[in-house]
Amino acid sequence: MAETLDLSMFVERGAAGAARMTLAVEGVHCAGCIRKIENGLAKLPGVIDARINFTQRRLAVDWRDNEIDAAGIIKAVEDIGYHAHPFAPERLEADDSAQAKWLMKCLAVAGFAAMNVMLLSISVWAGNASDMTQETRDLFHWLSALIALPAAAYAGQPFFRSALRALRARQLNMDVPISLGVVLALALSVFETATHAAHAYFDSAIMLLFFLLCGRYLDLAMRRKTRLFAGNLASLKAEFAHRLDASGELTQVPAAALRPGDRVLVRPGERIPADGAVLGGSSEIDESLVTGETVPRAVAAGTTVYAGSINVSAALTMRVSAAGAGTLVEEVERLLDKAITAKSQTVRLADRAARFYAPVVHTTAALTAVGWLLAGASLHDAIVIAIAVLIITCPCALALAIPAVQVVAAGSLFRAGVILNGGNAIERLAEVDTVVFDKTGTLTLPDPRVDEGLEIDPEVLERAARLALSSRHPLAAALARRARERIAYPGAIEEPGQGVRAVIDGEEARLGSASFCGLAAADEAAAARGSDASFIRFAHAGKTATIAIRQALRPDAGAVTEALMVRGLRLIVLSGDRPTAVAPMANQLGIDDWRAGLKPAEKIAVIEHLQSQGRRVLMVGDGLNDAPALAAAHVSLSPVSAAHLTQAHADALFLGELLKPVERAVTVARQARALMKQNLALAVIYNALAVPIAMAGLVTPLIAAVAMSGSSLIVTLNALRARLEVTANHHLSPAGRGRLPSAARKSSEGEPPSRKSPLTRLAAEAARRPLPTGERWEVTGQQNDQTRLVRDASS
Amino acid sequence: MNVLLYLVPMALLLGLTGLVAFLWSLKSGQYDDLDGAAVRILPDDDIEN
C-alpha cells in the first residue's frame, strides 16, 4: 500500500528550505559504520551535511527541502544497512548539555586558578620556613588574590546561586556553608594580605571550589548519560499511526503527532496509538497494558479505547479524542494528582546532613571566637581563628560523600539495565522493605508465549511457526517467534479474523481459529490448559495441532522473587486481572499475598495502607492502571515496555526480558546507602580530628590544604568501592544464570546477554521491530507487538 | 629577586593561554563526541594516493 510518511514534527526548518533532523541510529559500532553512513548520505542530492555523534549514537542530517525529504533520508540510511529512528529533541536534554558546558568552564577556571595559586602558595610556605622577605611574600599574596578572586567569582557561581536560592526559600542546603566558607576565606585572606600577615588562604578557597565542581560535574555527566540513553530509547520505541485524511488517504505519522479529532486506522496486530472512540469496524482488543486484564475485550463503533491496547482481530477506524470525563484515563489522572500531592517529600540524606551540619559548624566557629576573646586574645586573632575553623570544616568531603556514591551506583545500575530518572531514587530504593508487583507485563513477559506444556511434534510446530510469520495477529506473532527458519512460506494468504493458509509440500496448511482449520471448537488439549490461555489451531496434511498461547512468567521471576524474599522483603502481587489468572502465578512464585481484580484506586489504597503501617513500598508495574500506585509508592520501577504515563511516574526503568534488574536495583541501592553512610562517617571523623586543631589556632594554610584534599580523596575512593563490589558480585551472583529454570533457557532467544552494555542490548531488542517505511512494515508488521511500548511524547 | 617580576607574569600568561585554548576547544564542540573522535582516526580514506 502506498502510504506517505509524515515526519514533519521531527524536522527543524531553517531559512531558504534548509532542514535538519536528528536520528537515533542502531548498530553503529565502528569507524567503518560511521564512514558508510556519512559518505552514503553525503552522496544523496540535497543533503548538505550528515554527521554521526558516536558517543550518543545519533545522526544529525542537514538537507535542502526541495530535493529530498525526511522519509527519503531514513530510507537511505535503511538502504545502507542501518536502522534510524527520528528523534524529537527534549528540552531537558538541551538544558543538561548547557549546564554541563557551564560547569566544565567553571571547572577549567577553578583548575587553572588552583594550580597557579598553589604554585605561589608553596613558594610562600617554603619562604616562610626560610628567608623570604616580607615584600616578596606580599607580592605573592597579592598575585594570588589577583588570580583567586576573579576565578572564585566565576567558578563559584553554581554554589553561590544555589545557596542564595535556598536562603530565599528560608532553607539550608550544603551550598550555604560552602559559599560562606569560600567567601570568608577569601575576605580574610585579602585582609591578612593587606596587613602583611604571614598566612593567606587563597589556595584553600579555590581548591575547595575545584574539588566540589569535579563532584558536580560527574554527577551531571551521569545524569546526562542516562537521559541521552532514555531519549534514544524513546525514539527507538516510538510508535507510528496510520492517519486517515478527509479524502480517505492514509498517512503514516508518529503517534505523538496525532491531535484530537484525527481519524486513525488501526490494523489487526497493531497498537492503538492514542485514546479515542471507535468509529467503524468491530474487533477485539487486548488491554493488558492498560488494565492488566489478559482476556481480549470486544469493541465496536462507539466504544472508548485507550492508547496501548493491541487490536487483535480486524481493522478498526477510530477518532482520537482527549480523555473525557468518566473514562479510565481521567480516573487515573485524578488519582495521580492526588497521589503526588499526598506524597510527602522525603528528605534526602545529603540535605538532612546539611541541615544538621551548617548550624553546628557555624556555632562552633562563633564559640571559638568567643572562647579566644575570653582567653585574652585580640579581636583580630579571635576572628582569624574562627574563620580558620570555618575553612577547615568547609564541607568538601561532606558535599562529595553522597554525590560520589550516587554517580558510581547509577553507573552500576545503568550497566545492569536500570535507568534512573532521578538521583535520590537510590536512597529510597535502599530503604524498601516491601515489594509490590503488578502481574501482567511485570512478573509476566509483556508478550504472550507459546505454552510449553502441550506436547506438540517439533516438526509440526516449526511448520506452524513459519506459517505464523505471514500473519499480523498478535497470537501468531507469539508463535512466529518459535520459528527456527525465519522465512515465510511463499504465497501465504491471511484472511483477516480467520487465519493464514499456504500450500506447503503440495498440501494446504491452515493456521488460525478452530473453524478456519476445520476443527471442533473445544478439544481435550484446550480444556486441559485452563481458561487463561488462547488457542491457535494448525492443520496440515491430515495432522492437526492445538497450540496454546498464554502469558508466561519472566524467565527468572522465580529466582528473583526468591532472592528478594531471602533478603527479608515482603512480596505482594496486586493485579487488575482475574483471580483465576493471578492465583496460579502467585503460587508458582511462592507469594501468598496476592490480590486480583483491583482498580487503580484500590491498588493505591493497599499501598497507602502498607505505608501507614510504616512500610516502605517499592512498586513495580507497567500498566496504565499502575501509574497512580507507582506515584504513591515510596519508590517505583517500570519495565521499559510500560505505558508511557506509567514510565513518566516511575523512578527508574529496567530493560530486557528478565526481572533480575529489580533485584539488582535493590542490592546496588543498599550497597550504595551503606557507602553513603560510611562516607558521612568519614567526613565526621575528619571534622572531629581537624576541628580541635583549628580551634586551638594551629591551622596554617598548609594544614588546611592537606586536610581538605586528603578527606575529599578518601571519600571519593571509598565511593569507588561500590563499583568494585558490584563487579565482584556480578561473577558470583547468587541468583545467577546457573539457577535459571530450564524453560528460561529455552525461551531465552530474545534474552539480552547481561554482560553487554544497555545500548547493545537495546539494539538487539529493537532490531526485531519494524520501521516506519512502507516495505518493511509489510514484511515485519506482525512483529510490531513484540515491543509493547507506547510513547506519546505529547502527553 | 627582580627576575620574579618577569617570570611570574610569564608563567601566568602561559597558563592563561592554556585555559583560553581549553575554553575555545570546549566551545567549538571538540568534546561533544569523544568516542567518535577515537574511532574516526582509523579510516584512512582521507589519504590521497
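**Reading strands, helices and contacts**

Mentor: Let us start with one residue: A:Ala277 has A:Arg319, in strand 15 of chain A, as its bridge partner. This is a predicted model, in which local features need pLDDT of at least 70 and side-chain atom pairs count only at pLDDT 80 or more, while totals for chains, interfaces and linings use all residues. Residues are numbered from 1 along each chain as its sequence is written, and chains are lettered from A and ligands numbered from 1 in the order in which they are written.

Trainee: Which residue of strand 13 of chain A is the bridge partner of A:Ala277?

Mentor: Two strands pair if DSSP finds at least two bridges between them, strands (E, at least two residues) and helices (H or I, at least four) being DSSP runs numbered from the N terminus. In strand 13 of chain A the partner of A:Ala277 is A:Thr304. Strand 10 (residues 276-280) of chain A runs antiparallel to strand 13 (residues 304-305) of chain A, with two bridges joining them, and strand 10 of chain A also pairs in the antiparallel sense with strand 15 (residues 316-320) of chain A, over four bridges.

Trainee: What is the order of the strands in the open sheet of six strands in chain A?

Mentor: The order in chain A is 18-23-22-21-20-19, with antiparallel pairing. Strand 18 (449-450) and strand 19 (493-495) of chain A each have a single partner strand, so one side of each is left without a neighbour in the sheet. Three bridges pair strand 19 of chain A with strand 20 (residues 499-504) of chain A in the antiparallel sense, and A:Glu494 has A:Val500 in strand 20 of chain A as its bridge partner. Helix 15 (residues 458-468) of chain A packs on this sheet, touching strand 20, strand 21 (507-512), strand 22 (534-540) and strand 23 (543-550) of chain A, and its direction makes about 75° with that of strand 21 of chain A.

Trainee: At what angle do the axes of helix 18 and helix 23 of chain A cross?

Mentor: Two packed helices are described by the angle between their axes and the distance between the axes. Axes are lines fitted to C-alpha atoms, for helices over the stretch in contact, with angles from 0 to 180 degrees between N-to-C directions. The axes of helix 18 (residues 557-566) of chain A and helix 23 (residues 660-695) of chain A cross at roughly 25° and come within 8 Å. The two helices of chain A are therefore roughly parallel to each other (angles under 35 degrees count as roughly parallel, over 145 as roughly antiparallel, 65 to 115 as roughly perpendicular and the rest as oblique). Here A:Val560, A:Ala563 and A:Leu564 of helix 18 of chain A meet A:Lys660, A:Val662, A:Glu663 and A:Val666 of helix 23 of chain A.

Trainee: Is A:Ser144 buried or exposed?

Mentor: A residue is buried if 20 or more other C-beta atoms lie within 10 Å of its own, exposed if 12 or fewer, and partly exposed in between, with C-beta atoms placed from the backbone. A:Ser144 has 26 other C-beta atoms within 10 Å and is therefore buried; its place is in helix 4 (residues 134-155) of chain A. Not counting residues up to four places away in sequence, A:Ser144 touches A:Val117, A:Leu120, A:Ser121, A:Ala200 and A:Phe202, contact requiring backbone-placed C-beta atoms within 7 Å.

Trainee: How many residues does the contact take from chain A and from chain B?

Mentor: Chain A gives 19 residues and chain B gives 18 residues. Helix 3 of chain A supplies the largest share of the chain A side, eight residues.

Notes:
Two residues are in contact if their C-beta atoms, placed from the backbone, lie within 7 Å.
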